[in-house]
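Please open the structure in your viewer and keep the sequence panel beside it.

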Amino acid sequence: MGAPGEFRISITKEDLVFAAAHFITFAGHRCETLHGHNYRASVRLEGALDSDSWYVTDFSVVKQIMRRLTGELDHKVLLPTENPIVAVKKDGPRVAVAVSGEPRYVFPEGDCLLLPIPNTTVEMLARHLAGRLRAELAAVGVTHLRLIELEVEENFGQSATYRETLSPP
Ligand SMILES: [Zn+2]
């Protein structure tokens, strides 16, 4: 047995990408026009070793979850449902979006992903993905992690990282 300590693993695979459309709002009722990015996600996890397997957690499990989560965002219009000036309303097979009370877009429902976040910034996308990853890992029994770091890049060299410290049971 080596000295007790913690390890960090990183998953920065090239297939953890999603192409999506979005617009963000700024303070003072300003709002971008709709546009797209080729986003890329990566994950770092810290914790003690799993005592049976001598790894922090199984890479393949994390990759599988992350591929599914980025797949949910792929080829979608990302819409925030908690933005104070963006109203997103399901209307039969369509989603109607109004900004500051003005009708702005109508999309086919299947092309949209409604996210419970206040703005579709990379920061909020990173926090959203980290929360989903944490829940999915817990569901498969990975509960000993100390830290989840999730980075979302929307352009080369332009990214946000959300970091959450966890308290293992
Ligand atoms: Zn953008």
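Does His22 count as buried or exposed? Select His22: its relative accessibility is 2%, so it counts as buried, where buried means under 20% relative accessible area, exposed over 50% and partly exposed in between, with a 1.4 Å probe and protein chains only. This is a predicted model, in which local features need pLDDT of at least 70 and side-chain atom pairs count only at pLDDT 80 or more, while totals for chains, interfaces and linings use all residues. Residues are numbered from 1 along each chain as its sequence is written, and side-chain values use heavy atoms, with hydrogens and water left out.

His22 in strand S2 (residues 17-22) and His35 in strand S5 (residues 35-47) are 13 residues apart and link distant parts of the chain; strands (E, at least two residues) and helices (H or I, at least four) are DSSP runs, numbered from the N terminus. His35, at 26% relative accessibility, counts as partly exposed.

Then select strand S6 (residues 76-80), which is largely enclosed by the rest of the structure because four of its five residues are buried. S6 runs parallel to S2, joined by two bridges, and pairing requires at least two DSSP bridges. Four bridges join S6 to strand S10 (residues 112-115), also in parallel, and Pro80 stands opposite Leu115 in S10.
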